[in-house]
Amino acid sequence: MRPLAARLPRLATWLPLALAIGLAGTLHAADLDSPSLRTTLTNAGDLILEVRAEQGDGWWRLTQRAGAPGDQWKAVANYAEDPQPKPGRYYRVPGWLWPEGWGGRIVAKHLPDSRPHQGGWKHRVKAGQSPWRIARVYTGLGAKHAELAFPHRPMRVGDEVLIPATLVMKHLRPVGSGTTTSRQPTSTPPPAATDTASREEPVPVPIATSTTPTEPPVSPPAEPVTEEAVPASEPSTESVSDDAPRGPIELVVPADSPLEFGEDARGLHAIYRLRSGETLYSHVVLRFTGRLGGRYVNEAALAFAKDSGITDVTDIRIGHPIRIPADELRPEFLPLGHPRRNEWETSRSESDRLAVTARRRGLSGVHVVIDVGHGGRDPGADAGTVWEDDHAADVANRFIAILERETQAAVHPLTDDRSTGRLPLSRLKRDEDEVLLSTPPLDLAGSTPTRVAVNLRWILANDLRRKLHRKGVGDERLIFLSFHADSLHQSAEGSMFYIPSAKHRSTRVPVPAAGIYQRFAEVQAGNAFKMSERELLRSEGWSRKLADSFVSAFQRREIKLHGFSPVRSYIVRRRAWVPAVLRNNRIPTAVLIELCNLNNPEDQRRLRDPSFRQLQAEALVEGLRAHFGEGP
């Protein structure tokens, strides 16, 4: 072994270089203003820091460039869906890893009217902010808004709300506050506090009324009627809080809510007072509960009438208070602070945040998978002179014809009609010669059970995705559309769009193992359903963006839409569920189109008209173009 003195000259040469390389990762992005870092304040009130991966990054180096110790890389990797960082993609950095002072700077960036105050924060209320959202930003738990120091109850725009230092999450406390703690020095993150407020029933407390406008309600529950419902396990939600004292949950009713709230021996409930021209079925059950099917709407209406002292549902006086159990309400109609509303707001915000990564560069290279519901000996919903399968197929055929004639999108139908093909028709006749384009093709008029055809549709979609991925087609260029016509309560009218709710899907679903499936090549190839929770949220967000684009196109062409939330993410019968063709589909952007309600006479009349079916097809193409950056 050479003496140390003989090795010193070489050590002097490479040691500075090694130190420079070792420190480069930390020093490179130790500045929050680095172009490789970005911050976001979500609608739900979550402050997020993300770092962009560069060529050659591993998790250790990526974590260092976010200003955190490299040995904390597992905490960053756990947020990601990729086994290794992909250049150009952003990855989330947990708050407890942020360098000292960064949390305060991020708050100041997104909430410039906020200011440090004795180790905590003073927040000035703006229009559109709710107490729950303010508490979520600073404490990590919206339910803690009851512990904040509001100068007025209810809260007012312009109020300065004090968030005490004892409630502020550690990584948001200002430098020099005396309560700031450094990052965890160990290689594992601190145990996350369990957000019991998002999992338990609310503690009965008086309900306040807010005079401040809050985030507008959006679109969730209820959906189609085309198959058996299979329960899906609910993905877990992670807590962003690092401290866990719990207090009673104060429920705050937004000022713009159409409902009043109260509690009695049977629990929390809403009160709606009927207005002139309104009915119990349309303006209470359809609007607030998400139930749409005739049987289930009637069931709820009769139960509400009994609870509200109504003996004749056809003769209800104006202003009569209708009692609605809170369990029946769609989450966006619940008071602020209610666990189910909190969960919905957080999920909606996260899915919207993930959806912004969808690329918009026209229909060139876009692949559209087309499913037409039912067929063969299963005509779907039936209203005498108008029935579901052939009328939905005609709209789909017109949609395909426009796409192939006017765009560069590629179309992949899952079914075919052996007698009429894909020609748009002015006069439709019943037939049963539809086939599912599996390998081998499945005759839908045969004796194969309907549930097999339902499952084969999502297996075929997953097989197409697998094949297109091998050709280099990314998920952002894939679209799945399923065409249907619904059979709802007769008071429901207009078109609706269903998207897959992340909450009501499992992360894994195997291909059916029964022998009846084994003769199909797509089953033999695997094509099981598998998505991470992050991918499920992204799928919901991408699908909602496309459905919203369809809604805008229908509105521009004055096509009747369902009056209460035409975009919905699950069906409500006696419980909530997502149809299998959406639930187990690995194509992330998936929309089930309900062209109309065949139980409504006006909808029946419209769908019989070939010019209306053409108008719907044109609007769908317009919506697809707009989604990818073409046209309006």
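How many bridges pair β14 with strand β15, and in which sense do the two run? That is the way into point 1 below. Keep in mind as you read that this is a predicted model.

1. **The sheet with β14, β15 and β16.** β14 and strand β15 (residues 434-436) are joined by 3 bridges and pair in the antiparallel sense. Zooming out, 3 strands make up an open sheet here, in the order β14-β15-β16, with antiparallel pairing. β14 (415-417) and β16 (442-443) are the edges; each has a single partner strand, so one side of each has no neighbour in the sheet.

2. **What sits across that sheet.** Helix α10 lies across β14, β15 and β16, and runs at about 55° to β15. Remember this helix, as it turns up again in point 4.

3. **A cis peptide bond.** The peptide bond from T439 to P440 is cis, with omega near 0°. As background, most peptide bonds are trans.

4. **The largest nonpolar core.** This core has 68 residues, and those with the most contacts inside it are L259, V284, I324, L329, L456 and F480. Helix α10 (residues 450-470) gives the largest share, 10 residues. There is also a second, separate core of 46 residues, with V395, L481, A485 and L546 among them. In general, nonpolar side chains tend to be buried together in soluble globular proteins.

5. **A close look at I324.** Which residues does I324 touch once its neighbours within four places in sequence are left aside? The list runs L259, H269, A270, Y272, V284, F288, F304 and L329. Of these, L259, V284 and L329 are also named, like I324 itself, as having the most contacts inside the largest core.

6. **Strand β2, between two partners.** Now move to the earlier part of the chain. Strand β1 (residues 37-41) runs antiparallel to β2, and 5 bridges join them. T39 has L49 in β2 as its bridge partner. β2 also pairs with strand β3 (residues 90-93), again in the antiparallel sense, over 4 bridges. There, R52 stands opposite Y90 in β3. Is β2 mostly buried or exposed? In β2 (residues 47-52), 5 of the 6 residues are buried, so the strand is largely enclosed by the rest of the structure.

7. **Helix α4, packed against those strands.** In α4 (residues 102-110), the buried residues are W102, G103, G104, I106 and V107. They pack against β1 and β2 from the previous point, and also against β5 (120-124) and α5 (131-139).

8. **Two residues with positive phi.** Most residues other than glycine have a negative phi. With that in mind, check H374, in the loop between β12 (367-372) and α9 (388-406). H374 is not a glycine, yet its phi is positive, near 70°. H374 is also buried, with a relative accessible area of 11%. The other one is S565, in the loop between α12 (533-556) and β21 (567-568). S565 is not a glycine either, and has a positive phi of about 60°. At 16% relative accessibility, S565 counts as buried, the cut-off being under 20%.

Conventions:
Residues numbered from 1 in each chain as written. Predicted model: local features only at pLDDT ≥ 70, side-chain atom pairs only at ≥ 80, totals over all residues. Heavy atoms only, no water. Buried < 20%, exposed > 50% of the residue type's maximum accessible area, 1.4 Å probe, protein only. Pairing = 2+ DSSP bridges. Core = buried A, V, L, I, M, F, W, Y, C linked by side-chain atoms within 4.5 Å. Contact = heavy atoms within 4.5 Å. Axes fitted to C-alpha atoms, helices over the stretch in contact; angles between N-to-C directions.
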